[in-house]
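Student: I should like to learn how to read a protein model step by step. Could we begin with the confidence values and then move on to the strands and helices?

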Amino acid sequence: VARMSDHREEDAAVASTAPAAVTPELLLAEIDPQSHPGVADRATAEREVLETQQELAELQERLYAESKGSGTRSILLVVQGMDTSGKGGIMRHVVGTIDPQGVRITGFKAPTDEEKSHDFLWRIRKALPPAGIVGVFDRSHYEDVLIHRVRSFSTPEVIEERYGLIAEFERELGEAGTVVRKVMLHISEDEQKARLLERLERPEKHWKFNPGDIDEREHWDAYQEAYQIALRRTSTPESPWFVVPANRKWYARWAVHRILLDTLRELDPQWPAADFDVAEPTARLLAT
């Protein structure tokens, strides 16, 4: 199977806009996973990321510093996608570029017996970022309306109720000072096949392969439908979803970098004012 991810940089640039928030009219099938809206090519994307990395790092540091004063704000970045969609790459190449003391990454696997004994948001609440922190969820509470819908782990009535519970939960987060941004890494079925084959062909990637991924792949169309419903039902102006075409890894990383950067720019965190008389210790230090 020919790899699609990184071999089409010579394609003509797509005249489009940067990733836009999902609307109720979303048709996931009409979004090309190979496209790169908002940026002309790989070289431009990588240059823009490099040129704004320092700004992203400073804004994140300001958010962290703000919380040491009276600041209560934080960010929650939710990253979802089919297996092999590039979630790990986002953690390394985007989130990994900012100061780790101001970041908290949580990867959600299948719930434990203890987690199953509580409501589905219980383990999510425990992992929420405190003030000053950029929290990142690698998978999230959305698994409870995605895989649960596809594999009938919950009844249709329970899943229907959860859309409303999620929307209310995220509204409460916003009111408490946590800005929520949600990203779906959108890859094609052929691209997933190529990435899974690569994991099988390269011994150093065998540890990343899970035979269960093939089982889930057999439900591809059902997952696409489940994603479309979840995105439509839970994208709001305050907690928007962004569908990021992810066949090209460089584009997905540029897009998520930009979403995080734009979010921090909107927050515009400020350095907290000193709670002491700066002149006095300055004079003492100069005298030593």
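Student: What is the mean pLDDT of the protein chain?

Tutor: This is a predicted model, and the predictor's confidence in each residue is given as pLDDT, from 0 to 100. The mean for the protein chain is 92, and 94% of its residues reach 70 or more. Over residues 1-17, however, the pLDDT is below 50. That stretch has 37 contacts in the model beyond near neighbours in sequence. Where pLDDT is low, the predicted coordinates should not be read in detail.

Student: How many bridges join strand 1 to strand 4, and which residue stands opposite Val78?

Tutor: Eight bridges join these two strands, which run parallel. Opposite Val78 stands Lys182 in strand 4. Strand 1 is also joined to strand 3, by five bridges and again in parallel; there the bridge partner of Ile75 is Val134.

Student: How is strand 5 paired with strand 4?

Tutor: Strand 4 (residues 178-186) pairs with strand 5 in the parallel sense over five bridges. Two of the residue pairs can be named: Met184 has Val243 as its bridge partner, and Leu185 has Val244.

Student: Are the residues of strand 1 buried or exposed?

Tutor: A residue counts as buried when its relative accessible area is under 20%. In strand 1, eight of the eight residues are buried, so the strand is largely enclosed by the rest of the structure. Ser74, Leu76, Val78 and Gln80 point one way, while Ile75, Leu77, Val79 and Gly81 point the other way.

Student: Which residues cover the two sides of strand 5?

Tutor: Trp241, Val243 and Pro245 are on one side and Phe242 and Val244 on the other, and all are buried. Five of the five residues of strand 5 are buried, so this strand too is largely enclosed by the rest of the structure.

Student: At what angle do helix 1 and helix 10 pack?

Tutor: A helix pair is described by the angle and the distance between the two axes. Helix 1 (residues 42-68) packs with helix 10 at an angle of about 35 degrees, and their axes are 9 Å apart. The crossing is left-handed. Among the residues that make the contact are Leu56, Leu59 and Leu63 of helix 1 and Trp254, Leu260 and Leu264 of helix 10. By class, the contact has 11 nonpolar, four polar and five charged residues.

Student: Is Arg62 buried or exposed?

Tutor: Arg62 lies in helix 1 and counts as buried, at 12% relative accessibility. Leaving aside neighbours within four places in sequence, Arg62 is in contact with Asp268, Pro269, Gln270 and Trp271.

Student: Which residues does Ile166 touch?

Tutor: Ile166 belongs to helix 6 (residues 156-176) and is buried, with a relative accessible area of 0%. Not counting residues up to four places away in sequence, Ile166 touches Phe120, His141, Tyr142, Val145 and Thr234.

Student: What is the phi of Thr84, and where is Thr84 found?

Tutor: Most residues other than glycine have a negative phi. Thr84 has a positive phi of about 75 degrees although it is not a glycine. Thr84 is found in the loop between strand 1 and helix 2 (87-93) and counts as buried, at 9% relative accessibility. Arg139, likewise not a glycine, has a positive phi of about 70 degrees. Arg139 lies in the loop between strand 3 and helix 5 (143-150).

Conventions: Residues are numbered from 1 along each chain as its sequence is written. This is a predicted model: local features need pLDDT of at least 70, side-chain atom pairs count only at pLDDT 80 or more; totals for chains, interfaces and linings use all residues. Side-chain values use heavy atoms; hydrogens and water are left out. Two strands pair if DSSP finds at least two bridges between them. Helices (H or I, at least four residues) and strands (E, at least two) are DSSP runs, numbered from the N terminus. Axes are lines fitted to C-alpha atoms, for helices over the stretch in contact, and angles run from 0 to 180 degrees between N-to-C directions. A crossing is left-handed if the near helix is turned anticlockwise from the far one by less than a right angle, and right-handed if clockwise. Contact means heavy atoms within 4.5 Å. Ala, Val, Leu, Ile, Met, Phe, Trp, Tyr, Cys and Pro count as nonpolar, Asp, Glu, Lys and Arg as charged, and the others, Gly among them, as polar. Buried means under 20% relative accessible area, exposed over 50%, partly exposed in between (1.4 Å probe, protein chains only).
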